[in-house]
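Dear colleague,

I am passing on the structure below, together with some notes on what came out of the analysis. Please read the notes with the model open beside them.

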Amino acid sequence: DPFYIQGWKKGKFYPDFKAVTKKGNILALEWKGEDRISNDDTTYKVEIGEIWEKLGKSKLHFFLVHNKNTEDVLNKIRNL
């Protein structure tokens, strides 16, 4: 899969899921189990995901998804 987000650390970040909406928005979703939501790797991925999102001028969207926010994320995606 050629899609990745490059941060400031060595190595590339490949989000778990990528999608394009009918309106042309690009989504990158990273799924984490409850035991990994607050570890250093997840914190890093969220930081570079948010920077990537800001660079997209409202067309790029990053979501960290876990069991407790699935419905919230789905509702946000529906509006894109």
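Lys32 counts as buried, at 9% relative accessibility, where buried means under 20% relative accessible area, exposed means over 50%, and partly exposed lies in between (1.4 Å probe, protein chains only). Please keep in mind that this is a predicted model, in which local features need pLDDT of at least 70 and side-chain atom pairs count only at pLDDT 80 or more, while totals for chains, interfaces and linings use all residues. Residues are numbered from 1 along each chain as its sequence is written, and side-chain values use heavy atoms, with hydrogens and water left out.

Lys32 forms a salt bridge with Glu30, with 3.2 Å between the closest N and O atoms; the term stands for a side-chain nitrogen of Lys or Arg within 4 Å of a carboxyl oxygen of Asp or Glu. Glu30 is itself buried, with a relative accessible area of 3%, and its side chain also meets that of Lys45 in a salt bridge (3.4 Å, N to O). Glu30 lies in strand β4 (residues 26-31) and Lys45 in helix α1, so this pair ties together parts that are 15 residues apart in sequence; helices (H or I, at least four residues) and strands (E, at least two) are DSSP runs, numbered from the N terminus. Lys45 is buried as well, at 16%. A further salt bridge joins the side chains of Lys32 and Asp41 (3.8 Å, N to O), and Asp41 is partly exposed, with a relative accessible area of 37%. Through shared partners, Glu30, Lys32, Asp41 and Lys45 are joined by salt bridges into one network, and the count of salt bridges comes to five.

As for the fold, the chain has two helices and five strands, which follow the pattern β-β-β-β-α-β-α along the sequence. Of the 80 residues, 35% count as buried, and the C-alpha atoms fill a box of roughly 35 × 25 × 20 Å, taken along the principal axes.

Leu55 lies in helix α1 (residues 40-55) and is exposed, with a relative accessible area of 66%.
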